[in-house]
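Here is a short report on one structure. Look over the sequence and the fold before reading on.

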Amino acid sequence: MLRFGLIIGSTRPRRFAQIPADWLLAAAADRTDFTLDVLDLREADLPFLDESFPPAMLGGAFANPKANAWRARLNHYDGFIATVAEYNHGPTAALKNAFDSAFLEWRRKPVAFVGYGTTGAARAIAQLRSIALGLEMAPVRSEVTIGLEPFIAVQNNEKMLRDYGYLNRACTALFDDLVWWASALKAARKKLRVVA
């Protein structure tokens with residue numbers, strides 16, 4: 001069975017990110033093709049990247065023990081989903097730093113994004129897709145964008161994310177794409193290890 005990590009991409013005290021994270025976990029509970037574990041950036045408590053060299057030049061060895069603990073956790077997963085807030089047309093600093101605080105553990109694995117806010121975090125997701133490519137990840141096409149109306153309705157406790165059929169369909173498509181890419185890339189990584 002595939003194993004995915006759900007990165008909660010905001011660390012703010014009153015973050016909205018917990019709501020889509022809980023919704024994704026509930027939707028994933030019905031799946032038999034993967035498990036979904038929470039990777040909360042609050043708990044990871046990563047320092048802002050303070051290594052002597054860029055991660056790509058470190059050969060997988062970080063000096064900071066919290067970064068190494070983060071890397072060790074990531075290594076167990078076949079793919080990732082990140083909740084994405086948009087601040088000033090970009091992703092949160094905490095989420096960008098989480099991507100920067102590992103390198104080899106991301107390579108050749110798929111990643112999907114669930115954004116929320118006035119534009120569904122579309123601009124932040126676009127930037128994260130580019131960042132993921134720089135880490136040699138495979139950003140999947142399907143995404144969930146929780147735009148202004150559901151964002152406000154859910155925040156005001158007038159509705160729940162599961163009340164929106166189009167969001168549920170987008171979630172299913174995201175899961176399906178992630179499973180396909182994770183299966184293909186896991187097989188390819190395994191084949192490379194055998195050949196090498």
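## Basis

This is a predicted model: local features need pLDDT of at least 70, side-chain atom pairs count only at pLDDT 80 or more, and totals for chains, interfaces and linings use all residues. Residues are numbered from 1 along each chain as its sequence is written, and side-chain values use heavy atoms, with hydrogens and water left out.

## Pockets

A pocket is an open set of points on a 1 Å grid over the protein atoms alone, where a 1.4 Å probe fits, with protein on both sides within 12 Å along at least five of seven lines; lining residues have an atom within 4 Å of a point. A volume is the space filled by probe spheres set on the points.

The largest pocket has a volume of about 240 Å³. Its lining includes Asn75, Leu104, Glu105 and Arg189. That lining holds 6 charged residues, 2 nonpolar and 1 polar.

The second largest pocket holds about 210 Å³. Among its lining residues are Ile19, Trp23, Val154 and Met160. Here 7 residues are nonpolar, 3 charged and 1 polar. Helix H1 (residues 18-28) gives the most, with 5 residues.

## Helix H3

Asn64 caps the N-terminal end of H3, with a side-chain oxygen 2.8 Å from the backbone nitrogen of Lys66.

Definitions and conventions:
Ala, Val, Leu, Ile, Met, Phe, Trp, Tyr, Cys and Pro count as nonpolar, Asp, Glu, Lys and Arg as charged, and the others, Gly among them, as polar. Helices (H or I, at least four residues) and strands (E, at least two) are DSSP runs, numbered from the N terminus. A polar contact is a pair of N or O atoms within 3.5 Å; within protein, one must be able to donate a hydrogen and the other to accept it, and residues adjacent in sequence count only if both atoms are side-chain atoms.
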